[in-house]
Amino acid sequence: MSNFSINIIDPQYDNEHDSVDVQVIFMSNRYVATFFTMYSVRVIMDNHAKSGESAYGKYFFAPNSLIVRDLKEETLYAVIKNLIEEDEFVSVFELIDKGDD
């Protein structure tokens, strides 16, 4: 059972180099999480190394997020479907709107 739909908040992005916020409608509820590529995490950490954030780039942390190989729509769907099937969806996604029952 994995009937869901997604809405990419900013549909103008690079599949290999960016991060995107994704809303998911699942079981009448709306959830959100941020998907990062490995490249985007590296850029963030490099910037933090210069700015002093995150102990000068020694770590990366972002709540309600995950790292993926790319941001292609089929990848996003496959990841979300797998998270639902493995009962890990609510560990990653934040509930932002409880739908009507």
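The side chains of Arg30 and Asp97 meet in a salt bridge, with an N to O distance of 3.8 Å; the term denotes a side-chain nitrogen of Lys or Arg within 4 Å of a carboxyl oxygen of Asp or Glu. Arg30 belongs to strand 3 and Asp97 to strand 5 (residues 94-97), so the pair ties together parts that are 67 residues apart in sequence. Arg30 has 27% relative accessibility and counts as partly exposed, and Asp97, at 37%, is also partly exposed. Buried here means under 20% relative accessible area, exposed means over 50%, and partly exposed lies in between (1.4 Å probe, protein chains only).

The model is predicted: local features need pLDDT of at least 70, side-chain atom pairs count only at pLDDT 80 or more, and totals for chains, interfaces and linings use all residues. Residues are numbered from 1 along each chain as its sequence is written, and side-chain values use heavy atoms, leaving out hydrogens and water.

By the rule above, the count comes to two salt bridges. The other partners are Glu85 and Lys81, whose side chains meet at 2.5 Å, N to O. Both residues lie in helix 3, four residues apart, about one turn of the helix. Glu85 is partly exposed at 43% relative accessibility, as is Lys81 at 37%.

These elements belong to a fold of four helices and five strands, arranged along the sequence as β-β-β-α-α-β-α-α-β. Helices (H or I, at least four residues) and strands (E, at least two) are DSSP runs, numbered from the N terminus. The C-alpha trace spans about 50 × 25 × 25 Å along its principal axes. Among contacts between residues at least 6 apart in sequence, 56% join residues at least 24 apart, where contact means heavy atoms within 4.5 Å.

Of the 101 residues, 36% are buried.
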